[in-house]
Amino acid sequence: MSFQYIIHLANYSDGVLYVLAFLFLIELAVIFDRAWFMRSALRKGKTIIHKLSEVGKLTSEQLEELMQEAKGQPEEQIITAAYRHMDLVHHYGSARGEAFDNRLDEAIFLTTPFLDKRLWILDTTVTLAPLLGLFGTILGMFHAFSILATPGHAPTQVTGGVADALIATASGLFIAMVGLITFNAFNNAIDKTIQQLESIKLLLINRLDGAPNKI
């Protein structure tokens, strides 16, 4: 497929293919950004869970080290909340308390909205791309059937025009499929991240209390 033919298809759809190409670039940018973030968050979460499960009783120094390691990640909020609430351990002799549990829950609730950041773009793309593609095909059909009004037209001109018009619909469906697959994958990654945060919460409560689970 030559570059000139691509320009012909874009012009045949009255510029709708240009809009679809721009929409696809935005979709790819969101996909790469969120994929990097989710991959980093899940890997860091596994590392922190592993480190917490290996200690018996957490110290403020260990918490500070974990807080620095989780900087910029979803786990940062909950570890920071535990670090700032260490005075409960010193004052009451136990981290198991409603106030401490609420602090950790609050940290998770504050973190969760940032996990699906910009995913609304993918959700919009899944719906918008096929509609734009169909709109481009309709515009292309106008051009294809307008040939019928030309004296001495060849039948291949009409069928070829219809085929060119359908490229817009195919492009819109392709963009929507890519968006749908990645959107569902990211939602699954968000669920796993929230599950990791809940696990970290339980580990923090147990380790600050000095009572790790014995297997």
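This is a predicted model: local features need pLDDT of at least 70, side-chain atom pairs count only at pLDDT 80 or more; totals for chains, interfaces and linings use all residues.
Reader: Which residues touch the most other members of the largest nonpolar core?

Author: Nonpolar side chains tend to be buried together in soluble globular proteins. A nonpolar core is a set of buried Ala, Val, Leu, Ile, Met, Phe, Trp, Tyr and Cys residues joined through side-chain atoms within 4.5 Å. Buried means under 20% relative accessible area (1.4 Å probe, protein chains only). Here the largest core has 22 residues, and L52, L63, I78, I79, L104 and L204 touch the most other members.

Reader: Which helix gives the most to this core?

Author: Helices are DSSP runs of H or I, at least four residues, numbered from the N terminus. α8 gives the most, with 6 residues.

Reader: How do α3 and α4 pack?

Author: Two packed helices are described by the angle between their axes and the distance between the axes. Axes are lines fitted to C-alpha atoms over the stretch in contact, and angles run from 0 to 180 degrees between N-to-C directions. For α3 and α4 the angle is about 155°, with the axes 9 Å apart. The two helices are therefore roughly antiparallel (angles over 145 degrees).

Reader: Which residues of α3 and α4 make the contact?

Author: Contact means heavy atoms within 4.5 Å. α3 uses S60, L63, E64, L66 and M67, while α4 uses I79, T80, A82 and Y83.

Note on methods
Residues are numbered from 1 along each chain as its sequence is written. Side-chain values use heavy atoms; hydrogens and water are left out. Buried means under 20% relative accessible area, exposed over 50%, partly exposed in between (1.4 Å probe, protein chains only). Angles under 35 degrees count as roughly parallel, over 145 as roughly antiparallel, 65 to 115 as roughly perpendicular and the rest as oblique.
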